[in-house]
Amino acid sequence: MKVAILIPVNETVKAVTAQCLARMVSRTYLAKLAGPAGSISPIVETFIWSSSSIAYNRRRLVLLALEWGADYVLWVDGDMTFPPDGLLRLLAHGKAVVGTNYRRRNVESVLPTAARTRAGERSAMMPSGAGLKEADHIGLGFCLIEARVLRALKMPMFLEGVGPDGLSPTGEDVHFFERVREAGFAVHVDDDLSMEIGHMAETPLYFPR
C-alpha cells in the first residue's frame with residue numbers, strides 16, 4: 001500500500017507541522033496493518049510543491065502522486081498540527097474520501113471548514129466528536145483520498161473561484177469537492193479526529209498597555 005503525503009506550500013512548512021509529520025510517519029511504519037490478503041506494509045512518500053497559487057500546487061502534487069503509483073494521498077497543509085496516529089485513523093474508516101474539520105485561521109471567531117450546502121446556501125458544520133459524518137465541503141488541510149478518486153476526475157480539479165455574490169472568494173477545496181460529489185463519491189469527515197487537529201494562526205504580539 002503506497003501513501004503519498006502531499007504538502008502544498010507558499011514558502012515554508014511550519015516547524016511544528018514537520019514534527020507532527022515525522023511522528024506520524026514513524027507511527028504508521030510501526031503499525032501492524034491487515035488487509036483481505038493478510039498483513040500490509042505501508043510505503044509512505046512525501047511530495048512538496050511550492051508556488052504562490054495553492055490550486056496550482058495541488059494540481060502538480062496530484063500528478064506527482066499518480067505518477068508514483070499512490071494508492072492513497074494524504075493532504076497535509078504546511079500549517080497544520082495532528083496526532084501521530086492521524087493517518088492510521090483515517091485509513092481505518094475504509095472510505096474513498098475522509099478528512100477532518102478544523103478551524104479556519106480566524107482568531108476572533110470559531111469558523112469550521114466543513115459545510116453542507118442546501119439551495120445554494122452553505123451551512124457550517126461544527127464538530128461534535130460523534131464519529132463519521134457526511135459533508136459537502138471540507139478543508140484539505142488533513143484529508144485522505146483514494147487515488148482512484150483522483151483518477152476519476154479531469155484536470156483542472158482544483159480551481160479558485162468566486163461566490164454567488166460575485167465578490168467573495170471560494171477556495172480550491174470547494175471546487176474540488178463539487179467535482180468529487182459529481183463523480184459519485186461521498187465526502188466524510190471524522191468528527192473525533194477533528195477535535196485533535198490544529199490550524200496555525202499568526203498574530204502580532206504586543207506588550208500590554
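What percentage of the 209 residues in the protein do buried residues make up? Buried residues make up 43% of them, where buried means a relative accessible area under 20%, exposed means over 50%, and partly exposed lies in between, with a 1.4 Å probe and protein chains only.

This is a predicted model, in which local features need pLDDT of at least 70 and side-chain atom pairs count only at pLDDT 80 or more, while totals for chains, interfaces and linings use all residues. Residues are numbered from 1 along each chain as its sequence is written, and side-chain values use heavy atoms, with hydrogens and water left out.

View 1. Helices (H or I, at least four residues) and strands (E, at least two) are DSSP runs, numbered from the N terminus. The C-alpha atoms fill a box of roughly 60 × 45 × 35 Å, taken along the principal axes. The radius of gyration is 17 Å, which agrees with the value near 17 Å for a compact globule with 209 residues; the radius is taken over C-alpha atoms, and the globule rule is 2.2 Å times the number of residues to the power 0.38. Among contacts between residues at least 6 apart in sequence, 74% join residues at least 24 apart, a contact being heavy atoms within 4.5 Å.

**View 2. Helix α2 and its buried face.** The 15 residues of α2 should span 21 Å at 1.5 Å a residue, and the end C-alpha atoms are 21 Å apart, which agrees; the expected span is 1.5 Å times one less than the number of residues in the helix. The buried residues of α2 are A55, N57, R58, L61, V62 and A65. Seen down the axis of α2, these buried residues fall within an arc of 150°, so they line one face of the helix, the arc being that of the directions from the helix axis to the C-beta atoms. What covers the buried residues of α2 includes the strands β1, β4 and β5 as well as the helices α4 and α5. After α2 comes G69, whose phi is positive, near 90°.

**View 3. The salt bridge between E172 and R58.** Side chains of opposite charge can pair when their charged atoms come close. A salt bridge is a side-chain nitrogen of Lys or Arg within 4 Å of a carboxyl oxygen of Asp or Glu, and the structure holds ten of them. In this view the side chains of E172 and R58 meet at 2.8 Å, N to O. Because E172 lies in helix α5 and R58 in helix α2, the pair ties together parts that are 114 residues apart in sequence. Both partners are buried, E172 with a relative accessible area of 8% and R58 with one of 2%.

**View 4. D136 and its salt bridges with R116 and R181.** The side chains of D136 and R116 meet at 3.6 Å, N to O. D136 lies in the loop between β10 and β11 and R116 in strand β8, so this pair ties together parts that are 20 residues apart in sequence. D136 counts as buried at 8% relative accessibility, whereas R116 is partly exposed at 25%. In the salt bridge of R181 with D136, the closest N and O atoms are 3.7 Å apart. That pair links distant parts of the chain, with R181 in helix α5 and D136 in the loop, 45 residues apart. R181 is partly exposed, with a relative accessible area of 30%.
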